Amino acid sequence: MEKRGTHQGKLMKPQVVAWELSKRLRDDAIASCDSVTIAVWWARQIPVKAGQMYSLSGNLATMAPGLPYSIGGQVAYPERQLVAFVGDGGFSMGMADFATAVKYRLPIKVAIINNTGLCLQVFTGRRSSCRYHLWKPLVNLFILLGY
């Protein structure tokens, strides 16, 4: 896992983002993530530490639960660090949730992995449709929302 989490290449792999995120989670952090490929990278690269809490939809493969879980966690535990590790497909389904987090000034950190949409294809054998690169339009969205 460390080899994949520290891979140095022209395009940053999701495993590297998860690996680096893991190092930055506080001891009291609450982390949540979306389902499918995002959950795999999260589970492999972000080890559970004592005192932290994690939320995941599990075998339900619910679309886009990461950000709403973080919103609920931040409201319930305002003093704790909340981080959502989500994919671009899931995030695009829940952008209204992001606007809610901004409206209420919830200090949630959101790591968005661009796997070019709904990337369940990785597990169904159509790997060629998943590429990893930054989703530049999100930067403009964040600027517009004042985040």
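1. A61 counts as partly exposed, with a relative accessibility of 39%. In this predicted model, A61 sits in the loop between β2 (53-55) and α4. The C-alpha atom of A61 is separated by 8.1 Å from that of D34, and the two residues are 27 apart along the chain.

2. M93 is the counterpart to consider next. M93 belongs to helix α5, residues 88-93, and counts as exposed at 52% relative accessibility. Leaving out residues up to four places away in sequence, M93 touches M63 and A64. Between M93 and M63 there are 8.0 Å from C-alpha to C-alpha, although 30 residues separate them along the chain.

3. On the overall layout, the chain has 7 helices and 4 strands. Read from the N terminus, the order of the elements is α-α-β-α-β-α-β-α-α-β-α. Of the 147 residues in the chain, 41% are buried. Taking the contacts between residues at least 6 apart in sequence, 68% join residues at least 24 apart.

4. The largest nonpolar core holds 15 residues, and the members that touch the most others are L21, L25, C33, I38, W42, I46 and F85. Two or more residues each are given to this core by α2 (14-24), β1 (30-33), α3 (37-45), β3 (82-87) and β4 (109-113). The largest share comes from α3, with 4 residues. In soluble globular proteins, nonpolar side chains tend to be buried together.

5. L25 deserves a separate entry. Which residues does L25 contact, leaving aside its neighbours within four places in sequence? The contacts are A31, I46, K49, Q52, Y54, Q81 and V83. Of these partners, I46 is also listed among the core members that touch the most others.

6. In helix α2, the buried residues are P14, Q15, V16, A18, W19, L21 and S22. The cover over the buried residues of α2 includes α1 (2-5), α3, β3 and β4.

7. S22 lies in helix α2. Is S22 buried or exposed? S22 has a relative accessible area of 6%, and the limit for a buried residue is under 20%, so S22 is buried. Apart from neighbours within four places in sequence, S22 is in contact with Q45, I46, P47 and K49.

8. The crossing of α4 past α6 is left-handed.

9. Which residues make the contact between α4 and α6? On the α4 side they are L67, P68 and I71, and on the α6 side D97, F98 and A101. Sorted by class, this contact has 5 nonpolar residues, no polar residues and 1 charged residue.

Notes:
Residues are numbered from 1 along each chain as its sequence is written. This is a predicted model: local features need pLDDT of at least 70, side-chain atom pairs count only at pLDDT 80 or more; totals for chains, interfaces and linings use all residues. Side-chain values use heavy atoms; hydrogens and water are left out. A nonpolar core is a set of buried Ala, Val, Leu, Ile, Met, Phe, Trp, Tyr and Cys residues joined through side-chain atoms within 4.5 Å. Buried means under 20% relative accessible area, exposed over 50%, partly exposed in between (1.4 Å probe, protein chains only). Contact means heavy atoms within 4.5 Å. A crossing is left-handed if the near helix is turned anticlockwise from the far one by less than a right angle, and right-handed if clockwise. Ala, Val, Leu, Ile, Met, Phe, Trp, Tyr, Cys and Pro count as nonpolar, Asp, Glu, Lys and Arg as charged, and the others, Gly among them, as polar.
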